[in-house]
Amino acid sequence: MTERPAQRTPNRQLAALIAEAGFSNAGLARRVDQLGLEHGLDLRYDKTSVTRWLRGQQPRGTTPALIAEVFTRRLGRRLTAQDLGLDACAPVYAGLEFAATPEEAVDIVSGLWRKDSGSHAELRKIAFTSAGLVVPSRDWLIGRPDEKVARAEPPVRVPAQGRPAVRPPGPGPIGARRVRGAAERGPGQRVTGGDIAALRSVGELFRTLDDAYGGGHARQALVRYLEHECEPMLRGTYGEQTGRRLFAAAADLTRLAGWTSYDIAAHGLAQRYFVQALRLAQAAGDRAYGAYILVTMSRQAVYLGHGREAVQLARVAQQGAGGSVPPVVQAMLHAAEARGHGVLGEVRACTTALVRAERALAGARPGDEVPYWARCFDEAQLADEFGHCHRDLQQFRAAAQHAERSLHLRAPAYARSRLFCRVVLATARLGLGELDQACQLAVEAAGQAAEMRSVRAVEYVRDFERRLEPYRDAGPVRTYRDKVAALG
């Protein structure tokens with residue numbers, strides 16, 4: 001790593017903290033490298049690097065924040081780069097931390113919203129890191145519930161000699177003065193049930209847009225809404241019950257921001273949104289929704305080919321949710337595990353998980369209370385899961401049967417899901433040697449993908465086209481290519 005020219009003054013702050021923590025120079029370097037790996041960074045510092053820092057050289061990029069995090073974990077108190085005598089920076093890995101408190105969670109996620117709503121294009125280029133899944137999922141599983149999330153009204157100073165009282169600036173390290181949307185609301189906004197209902201309604205609106213037109217259609221509008229509307233609420237005032245509901249709504253919108261980021265292939269950014277949504281769900285006290293977020297993370301891992309991590313996330317979700325969730329949610333958790341096994345080619349484990357999902361869904365009753373976020377997991381979705389798994393296991397006849405059933409049952413509003421399933425069916429037909437039917441199905445899917453802002457939709461079609469390569473000279477394939485070319 002290239003570093004800035006040495007300062008003349010030795011870094012006594014860093015030296016004092018190294019002594020307090022009991023680190024050797026090599027030990028500190030090793031911990032910084034290990035933390036970097038958690039965030040997808042290959043740093044390769046050594047004891048000589050630490051010696052240079054102690055002499056006054058300043059490490060570049062994200063390293064000051066990483067060093068501060070190493071000391072924070074070791075000493076059990078929050079330390080910043082400035083506390084270590086290092087230059088502050090805005091770490092590009094920020095967002096993979098699982099905050100110790102609700103207040104810290106608000107600081108982290110609001111910083112993520114703010115950077116994403118601006119012109120920080122590099123944020124959408126951050127790579128996904130499988131190592132970054134371990135700590136958040138573990139901390140969610142073993143973490144204790146937050147005892148308090150309520151925020152009291154900031155105190156008003158007693159006026160002297162008839163002067164009007166002055167309320168101090170809004171609370172928190174970032175403060176309302178740095179939140180553009182907070183100016184209109186004022187510091188200490190009291191959150192009401194109507195505010196939370198509005199957050200829920202906005203979530204439904206953006207979810208509908210995402211299902212029909214893809215994540216890229218209104219993602220930026222959602223992020224700006226989080227920055228300008230949701231953050232001032234989180235930094236406002238509310239009681240315990242209202243606060244839990246507020247954190248739950250914020251978790252839902254943050255997960256959706258991650259989902260839409262995932263759909264446009266901003267995978268590192270999506271991963272950060274999911275981690276922060278998980279922490280907000282913990283503040284809400286909603287274990288079932290936390291499990292749903294882990295399922296979302298598992299699906300991203302499947303898409304990126306990390307089958308083992310996908311299985312682990314699904315199992316953590318099952319363990320963390322416990323046996324008290326409705327049958328529909330249980331079915332969702334088992335189906336997520338099955339998808340991971342499918343990617344790994346583990347036929348027996350995949351089949352076992354699918355059977356569990358099928359049994360769980362069969363146990364659902366019309367009068368069951370089902371969370372709003374799980375209502376989409378129905379027979380159509382389960383058939384879709386079966387179709388994907390059988391495709392991954394190259395069991396093409398079964399894949400075709402389940403994909404056809406899913407398309408028959410799935411509502412038109414779920415346009416992107418129908419597109420995915422249509423490509424699965426096309427792939428199954430191709431695997432069965434039915435080239436003409438496969439190409440006809442794929443042409444329909446390609447036309448739908450062209451109307452969406454979804455990188456995943458395009459990638460599904462491209463995956464099918466790669467499978468067509470051995471048949472590139474066949475008539476149906478040439479026809480397919482001519483029709484797809486006409487779409488552009």
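Helix α18 is largely enclosed by the rest of this predicted model, because 14 of its 17 residues are buried (under 20% relative accessible area, 1.4 Å probe, protein chains only). Helices here are DSSP runs of H or I with at least four residues, numbered from the N terminus. From its first C-alpha to its last, α18 reaches 24 Å, close to the 24 Å expected at 1.5 Å a residue (1.5 Å times one less than the number of residues). Gly-433 follows α18 and has a positive phi, near 85°.

Helix α9 covers residues 219-234. Its 16 residues should span 22 Å, and the end C-alpha atoms are 21 Å apart, which agrees. α9 bends by about 35° at Leu-226 (the angle between axes fitted to the seven residues ending there and the seven starting there). Leu-226 is also one of the buried residues of α9, which include Arg-219, Tyr-225 and Glu-231.

The largest pocket has a volume of about 1,100 Å³. It is lined by 42 residues (those with an atom within 4 Å of a pocket point). Trp-259, Arg-299, Ser-417, Phe-420 and Arg-456 lie nearest its centre. Among the elements that give two or more residues to this lining are α10 (240-263), α12 (287-303), α18 (415-431) and α20 (455-468). By class, the lining has 17 nonpolar, six polar and 19 charged residues, with Asp, Glu, Lys and Arg counted as charged.

Residues are numbered from 1 along each chain as its sequence is written. Local features need pLDDT of at least 70 and side-chain atom pairs pLDDT 80 or more, while totals for chains, interfaces and linings use all residues; side-chain values use heavy atoms, without hydrogens and water.

Key. 1 Å grid on protein atoms, 1.4 Å probe; cavity = no way out; pocket = protein on both sides within 12 Å on 5 of 7 lines; lining within 4 Å. Points joined across faces, edges and corners; volume = space filled by probe spheres on them. Buried < 20%, exposed > 50% of the residue type's maximum accessible area, 1.4 Å probe, protein only.
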